[in-house]
Structures are given as C-alpha cells and as structure tokens.
Amino acid sequence: MKELAELALNTLNLKGVSYGDIRIEDGITESIHTKNGNVNVLTRSEDRGFGIRVIKNGAWGFAASSDLSKESIQRTATLAVKVAESSARLKNKDIDLKEIPKIVDKYVSKVEIDPFTIPTEEKIGLLLQVDEQIRKVKGVKVAEAKLNFWRTNKLFASSEGSFIEQEITESGGNISATSVKNGETGSRSYPGFLGGHYKTMGYEFIKSLNFLENAEKMAEESVALLSAPEFDEKVTTIIIDGPMVAIQVHETVGHPVELDRVFGTEVSCAGTSHLTPDKLGKFQFATPIVNITADATLPGGLGSIGYDDEGIPAQKSHIIKNGLFTGYLTSRETAPLIGQKSNGTMRAAGWNNIPLIRMTNVNLEPGNWKLEDLIADTDDGIYIVSPTMPSIDDKRLNYHISTEVGWRIKNGKLTEMVKRPVYSGISYEIWQNCDAICGRDEWEIWGVPGCGKGDPMQSMHVGHGTSPARFRNIKVGRKK
C-alpha cells in the first residue's frame, strides 16, 4: 500500500498539482438479522479501493477506483488532475490550504474480542434465543434482532508528507418487538434506538448490551402499548432519555454547525443552517447549563477516530459553551474563512467518496442530576423514551420528533403509559428551555450508524454522548 501511495503522489507531482492526497481503504462488513425464528439476513462482504484528491489551478479534483494496480493508480491520478483543471474554469476563487505539519502515525481502535473471530453459529444462536424470548410474550406478532460489524483499514498519504494508517472496528445491533390487535400496533425496541446501538468496540460490546435480559420487558411494553391512551396535545414539561437527547443533539446542533453547510454546499440536498457566522460567539443558543462538544477522542464512540480524512488529529472542541454558540465542525478549507484551524471533522463514507465535514461524537456534557431525582422534582409532565422519526426543516429550525412510548408524570412519579408521543418546537427555543441534565453515571455515547449527507448521499457513523434531560414549556401531542 505504501508503494502504491508513493506512486500516486509522484504522479501528481509530475502533473504540477499544488496539493494531493490518496486514501486506500480495505473494509469488511458482516450483518446478521433474524425475524420470527428465521435468519432473514446473513452477509459478509469486503470492499477495497482508493480515492485521490488534488488541487490544481486553485480547484479541487477527485477520482477513485477499485483497481489497485499500478496502471490504475497512475490513470486515476491523471483523471483527478483533469477534473481539477476542468473545475478551475468555473471556480469563484482559488482553494488555498494552509500548510500543516506532516504526520507519520498508526492508529488502531481498541478491541477486546475480535467480532470477526466469533463463529457465525454463535451469533445466530444469540439472536434466535432473543427472538424466542420476545415471542413468548402473548400478543407479539413480529420479533426481530440484528447484529452488524465493520472493520476498516485505511491508509492516508499526502503531498505534504503525511502517512497515516488506521484500523477501526465497530460493533452493535438491536432487538425489537411489534404487537398487533384490532388494527392497532405497538412497537418497542432496545437499546434506545429503533436502528440499534453501536460503538467502536469489539464483540465485548454485544455482550454488554444484555439482549436476553431485556427482551421480555421490551416485548411486554409493546403489548401494553396496544391499550395505552394517546397523549392529548398540550404545552408541558418533558424529560427525555439519553437516546432521545442524542437525536435532538444530532438534528438541532450537529447538522447546523457543519461549516460547509453554513457556506451553502448542502443547499441542493439537506439545506443550510440558521447558525450563520455572525452569530458565532454572540448567540445564546441554550440555557447556561448546556455545554455541547465535538470530541473524536472518546474511547468507544462511534465517531471516534485517530485522524480525519485530511490527516488532522482527532480532537475535542466546544460547540455550545454555557449556552453560548461558540464553534463549528470545520475542514482545512473552511476553517480559515472564520479565522480558525480545522478541528478534524472531514470524513468520507468509503474510498469512492470525497470527504465532507461530518459529526464525530457531538455530546451534551453531563450535569448533576439523577434521573429518579429529576422525575421526583417534576410535578406534571411526561417522560419520553426511544426516538423513531425526527423531522426538521432546511435551516434546522422547526423540529419535530416522534417516539415509541412515554409515561405521564404526576406529583413526581411515573404513572400511565402513553403511546407514541410527539414533541416539537423551534430547535434553539427547545434548548433555551432546558433546566436540568443528568450526570456522568447516566451518560452514554450512543452510536448512530446512518447519518446521511452529501449529493450523492454518504451514510456516516457518528456518536452522541448524552444523559437524560428536562425541558420546560414544550409542545407535546400525538402521532397523527
């Protein structure tokens, strides 16, 4: 791989580029899904290729190939230069990257149990045991369980002399139950997200999820939802669990602080952002207890890396500090436009895609409360768990999220279950009503393996460290 990288860079140098880099990636993916006692999906796939990025005549060029022969390396490098030369005819201004120190390093994510060494029969056996536990509960019609694993080996080399190797292993999964009666359905999933929970860890993470121990309770709650009432629309106090907070952070903070989005590169696909540069350091986005960081260095986070796809080291930076909007997710190209240096958030979903500014682990820092005390401190409201489908407008302002289940809070106690409550509001106004955040003991880094961005769309793995939190004066209703 090193020889191929050097060949690419030498070819680019002969073509007179002002900057060039190559990413060579070799990945393996395994997916196992069961449904109602049957193995529904069983796949293991490998993918290998490279992408070359250049700046020539002040414009970007990119080309990629799955053919790792020397001839293909030279051919693809030449194509990337031609793309840059063509792009230069339409540029508004030159791309000018400030030179950075070269880095030669190797990063390997921590793995205690290699998931790819666990026999497939053992993985299937676990899922079928869980499936059986779920279907023991009378009223359940659909039981599903899944495991997913990824390993990516990546080499990054640049014309500035950087040579970085990374190996990242990710694991996770989820279980779910759906009950049906008289045209009514009730669905519950575990843990937290409908799509599952994932971390940059090995099979030890699967063991820690305790699927078997939680299957029956989850199934019983899905049946209970069939007869649960809906929540009448009102403005009230909400307490939301960690996964709910994670999705709220993702949609209302993570996406709007992507600086490429702010400068208009996502207009054709997923919109812009209301957090424009004139608000940086001036806009009180949330209450003073709210601190939100981007931290790619957290052990186990699904957005944890050693280096981004521009060779910038993983780091931690503030996005919201004491409620004040203080930072963006940036790249080498965009950061200088606001007088800063890149905070290492450029990543590509695979060798055949260009890097984009992406969330790493965007986290709501823990507060001091315990969940039980937070509920006891609430006279009237609703405790909401397990997000399903978020919705937000192109400027990341009008926010709406549906959920699986909630429980009314009366006089500091959880009482009646309610089905599929929904809450909504202006994104920053929701945060301006946050008055309590639970502490480190209830803080978890939730993994989101399907964050979409770009055109063509790239699906990225990101993380969010969160704990339950309370918000006042929020509009809550029912799913239509």
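Biologist: Which residues form a negative surface patch?

Modeller: This is a predicted model. In this model, Glu 372, Asp 373, Asp 441 and Glu 442 form a negative surface patch.

Biologist: Where is the place of Asp 373?

Modeller: Asp 373 belongs to helix 8, which covers residues 371-376.

Biologist: Is Asp 373 buried, partly exposed or exposed?

Modeller: Buried means under 20% relative accessible area and exposed means over 50%, with partly exposed in between. Asp 373 has a relative accessible area of 40%, so this residue is partly exposed.

Biologist: Now the cysteines. How many disulfides does the structure hold?

Modeller: A disulfide is a covalent bond that joins the sulfur atoms of two cysteines. The structure holds zero disulfides.

Biologist: Is Cys 434 buried or exposed?

Modeller: Cys 434 has a relative accessible area of 1%, so Cys 434 is buried. Cys 451 also counts as buried, at 2% relative accessibility.

Biologist: Where is Gly 412 found?

Modeller: Gly 412 sits in the loop that runs between strand 17 (398-410) and strand 18 (413-419). With a relative accessible area of 11%, Gly 412 is buried.

Biologist: How many residues apart in sequence are Gly 412 and Ala 348, and what is the C-alpha to C-alpha distance in space?

Modeller: Gly 412 and Ala 348 are 64 residues apart in sequence. In space they are 46 Å apart, C-alpha to C-alpha.

Terms used:
Residues are numbered from 1 along each chain as its sequence is written. This is a predicted model: local features need pLDDT of at least 70, side-chain atom pairs count only at pLDDT 80 or more; totals for chains, interfaces and linings use all residues. Side-chain values use heavy atoms; hydrogens and water are left out. Patches are made of residues with over 30% relative accessible area and no salt bridge: like charges are joined within 9 Å, nonpolar side chains (Val, Leu, Ile, Met, Phe, Trp, Tyr) within 5 Å. Accessible areas come from the Shrake-Rupley method with a 1.4 Å probe; for residues, only the protein chains shown count as cover. A salt bridge is a side-chain nitrogen of Lys or Arg within 4 Å of a carboxyl oxygen of Asp or Glu. Lys and Arg count as positive and Asp and Glu as negative; His and the chain ends are not counted. The place of a charge is taken as NZ of Lys, CZ of Arg, CG of Asp or CD of Glu. Helices (H or I, at least four residues) and strands (E, at least two) are DSSP runs, numbered from the N terminus. Buried means under 20% relative accessible area, exposed over 50%, partly exposed in between (1.4 Å probe, protein chains only). A disulfide is a pair of cysteine sulfur atoms within 2.5 Å.
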